[in-house]
Amino acid sequence: RAPIRASRRAAAACERVEGGGASRDRCAMHASSSSAAAASSGGVAYARTMKWVDEFIVAKDVCPFARAPREAVDPRGLDVHVIHGDASLESVVESVVSRALELQTSIADARFNRRGGKTSLVVAPECVDLASFDTFLDVMHVCEGVFADVGLEGDVQVVGFHPEYKFYGEEATDAAAFTNRSPYPMFHLLRECDVARASGESDIRELLDRNASMLREIGSSRLTEDLERLRWGDFDDASAN
């Protein structure tokens, strides 16, 4: 992907985060003080996210490394944090960084030295600014910069998912983009040690080619219908756990 020039809002968010001292303590404080805004379970957004993970990512084997953390319960391998309300971009960045710092602490926990390890999703279903895919990419860029500032680089990486995700240089109608399309804007946090382990178990290039072929065979129209139904259709949030 070509270098991203941060949007005015995302740049301002970056300045506020860094200007206030993008420290580990500050982001950890943000995590504890925003527990009401970022919940790990409950609500329709959480349930729809889990349904997408189960019925698309895991069921279609889009990511063969997703099944193990999704099924692990003792301790839980997949954490989902939902940011409720129209959060500011600054708040979204701080939420992502704070959850990444939490994930970093699990590296020393021997219980997660297993296939799949541990991973987190930070979901922002109601952030109006993130409805724009360009702004979402800008915020991803800001997060990556802050990761380096607070000592996360080399330990935790962030991968973006968005309802309008498009790979650089590809057409928006290319069904292959659905590998990274999701019901809501979300930030997938991965431990580098788990990524390295997974890369050693599978041929990533072969996996990407297989996914692209599979999704193009299903077709963009069908995939769009399925995603829109998941985003807006009637849904029982009690069905996800």
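**Entry 1: strand β2.** I count a residue as buried under 20% relative accessible area, exposed over 50% and partly exposed in between, with a 1.4 Å probe and protein chains only. In a regular strand the side chains alternate between the two faces of the sheet. The strand spans residues 78-83, and six of its six residues are buried.

**Entry 2: ground rules.** I am working with a predicted model, where local features need pLDDT of at least 70 and side-chain atom pairs count only at pLDDT 80 or more, while totals for chains, interfaces and linings use all residues. Residues are numbered from 1 along each chain as its sequence is written, and side-chain values use heavy atoms, leaving out hydrogens and water.

**Entry 3: the partner of β2.** Which strand pairs with β2 in the parallel sense? I found β3 (residues 119-123), joined to β2 over five bridges; strands pair if DSSP finds at least two bridges between them. One bridge I noted sets V80 against L121 in β3.

**Entry 4: D79.** I stayed in β2 for D79, which is buried because its relative accessible area is 18%. Leaving aside neighbours within four places in sequence, D79 is in contact (heavy atoms within 4.5 Å) with K118, T119, S120 and L121.

**Entry 5: D194.** Next I moved to helix α7 (residues 192-201), where D194 is found. Is D194 buried or exposed? D194 is buried, with a relative accessible area of 10%. The side chain of D194 makes a polar contact of 2.8 Å with that of R191 and another of 2.9 Å with that of R197. For me a polar contact is a pair of N or O atoms within 3.5 Å; within protein, one must be able to donate a hydrogen and the other to accept it, and residues adjacent in sequence count only if both atoms are side-chain atoms. Not counting residues up to four places away in sequence, D194 touches G116, G117 and K118. K118 is also on the contact list of D79.

**Entry 6: aromatic rings.** I counted five aromatic pairs. Rings of Phe, Tyr and Trp (its six-membered ring) pair if their centres lie within 6.5 Å; planes under 30 degrees apart are stacked, over 60 edge-to-face, and the rest tilted. F133 and F136 are stacked, at 6.4 Å centre to centre and 20 degrees between the planes. These two Phe residues are three apart in helix α6 (residues 133-149), so about one helical turn separates F133 from F136. Both F133 and F136 are buried. Y165 and F167 are edge-to-face because their planes stand at 70 degrees, with centres 5.3 Å apart. Y165 is buried at 12% relative accessibility, whereas F167 is partly exposed at 29%.

**Entry 7: the whole chain.** Finally I stepped back: the protein has nine helices and five strands. These are DSSP runs numbered from the N terminus, helices being H or I of at least four residues and strands E of at least two. Of the 241 residues, 48% count as buried. Among contacts between residues at least 6 apart in sequence, 81% join residues at least 24 apart.
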